[in-house]
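I opened this notebook to record what I looked up, entry by entry.

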Amino acid sequence: MKLLVAILFLLTSSNCIGEDDKPRNCNKLNNFFPYKAGIVAEKKEAYTLSFDIFCNLAFKGDYRAQFKMAKYYKSGIDEYVEPNLIYAYVWARISNFHIESRKRDNFIKQLKTSLNEKEKNQSDKLFWTAVRVIPGGARIDMKYEPIDLEKILEKQNHKKYYTGSRIKRKTPPENLGIIYF
Amino acid sequence: MKIWIYLALSMTLAGCSSKYRIFHDSPHSLLKLNEGYFSFVIDTLDALRTIEILNVETDTSFYVGNAAKGYTQITLKVPEGEYCFIGFDVYNLRVDYKDKGFCTYVEAGELNYFTQFTVRNPVTTARPNFSNFVKLLKSERPDICKEFINKDCSA
């Protein structure tokens, strides 16, 4: 009996370790944040937090958050997200797949002209892989409980990030490069 | 005298319900910088009156008029922010949803399609049906449909 309990414990704990080590599509947030929280963070110029909120919602199928991801990948975020036109193009197409809009359509057309043939082929492949596994067409709004963003930002600022020989920079999630489910 | 009072009252009520709502014959006007369209569809077996929307940002509610039996698309032109569908009148009853009802965030410069509400006694369900919304919008407001949706929006 004891042996069985020990085996069960080992199995459970090893599973937990595996979960933590697993690379993520998005950086994990401690709370659930609805779309409005991402907007509030963006208005307060807390772009990394806003990116993380939108990223989590985008992978859950919120098409507005998916479009925000496209915009962030187009412009990039200093020391957090490198501009990546392929990701921007793919996210924009995912966001416009279920719920069409002229604004998003124009954005897609504009991005398409900035990609070369190789990038277009690459993004087409990525799009068809992603659209099969990432849901879309949803609006993830919950009753918005005012979030104390100041507190969250303060917590974020207390984390130390080293550069130079002891490089430990803020890193964005893997995102569309590899999709983990 | 009574006629004048009734007339004034009905004009005031009509004004209240049409302040935000875009009807099929409302004049076309451009969105202001902080404004967006907030759209949803109501599918009901009974005519609904005095549909009430809450503006969460200002904590004030307003009425957007009625929805006839069947499918009705409702498009409102509102300032950016969070809005909730909180209730309506049916026959001689008032229905108020619990916990502020159904809420979403309306972005400026966009047509924000929320969902399709299927109103049945006693439960209302919300499930998006975008193609049905486009069908209704293009028959009533092909101009808005063309400007914001980019599908085949000719009526």
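Predicted model: local features only at pLDDT ≥ 70, side-chain atom pairs only at ≥ 80, totals over all residues.

**Helix packing in chain A.** The axes of α3 (residues 47-60) and α4 (residues 63-75) of chain A come within 8 Å and cross at roughly 135°. An angle counts as roughly antiparallel only over 145°, and as roughly perpendicular from 65 to 115°. On the α3(A) side the contact includes Tyr47(A), Phe51(A), Phe54(A) and Leu57(A). On the α4(A) side I found Ala65(A), Met69(A) and Tyr72(A) among the residues in contact.

Next I followed α4(A) to its contact with α5 (residues 85-98) of chain A. Their axes come within 8 Å and cross at roughly 160°. That makes α4(A) roughly antiparallel to α5(A). This crossing is left-handed. Phe67(A), Ala70(A) and Lys74(A) are among the α4(A) residues that meet α5(A). From α5(A), the contact includes Leu85(A), Trp91(A) and Ile94(A). I also saw that Met69(A) of α4(A) is listed in the contact with α3(A) and in the contact with α5(A).

**Rings.** I counted 32 aromatic pairs over all chains. Phe127(A) and Trp128(A) form one that is edge-to-face, with 4.8 Å from centre to centre and 70° between the planes. Are these two residues buried or exposed? Phe127(A) is buried, at 1% relative accessible area. Trp128(A) is partly exposed, at 43%.

**Charges over rings.** I found the charged end of Arg64(A) over the ring of Tyr35(A), 4.0 Å from its centre. The charged end of Arg93(A) sits over the ring of Phe127(A), 4.0 Å from its centre.

**Chain B as a whole.** I listed three helices and nine strands. Along the sequence the pattern is α-β-β-β-β-β-β-β-β-β-α-α. Of its 155 residues, 47% count as buried. I then checked contacts between residues at least 6 apart in sequence: 62% join residues at least 24 apart.

Most residues other than glycine have a negative phi, and most peptide bonds are trans.

- The peptide bond from Asn121(B) to Pro122(B) is cis, with omega near 5°. Pro122(B) lies in the loop between β8 and β9 of chain B.
- Glu45(A) is not a glycine, yet has a positive phi of about 60°. I located Glu45(A) in the loop between α2 and α3 of chain A. Glu45(A) is exposed, at 59% relative accessible area.
- Asp99(B) is not a glycine either, and has a positive phi of about 50°. Asp99(B) lies in the loop between β6 and β7 of chain B, and counts as exposed at 61%.

Terms used
Residues numbered from 1 in each chain as written. Chains lettered and ligands numbered in written order. Heavy atoms only, no water. Phe/Tyr/Trp six-rings, centres within 6.5 Å; stacked < 30°, edge-to-face > 60°. Buried < 20%, exposed > 50% of the residue type's maximum accessible area, 1.4 Å probe, protein only. Lys NZ or Arg CZ within 6 Å of the ring centre and 35° of its normal. Axes fitted to C-alpha atoms, helices over the stretch in contact; angles between N-to-C directions. Helix = DSSP H or I, 4+ residues; strand = E, 2+ residues; numbered from the N terminus. Contact = heavy atoms within 4.5 Å. Parallel < 35°, antiparallel > 145°, perpendicular 65-115°, else oblique. Left-handed = near helix turned anticlockwise from the far one by under 90°.
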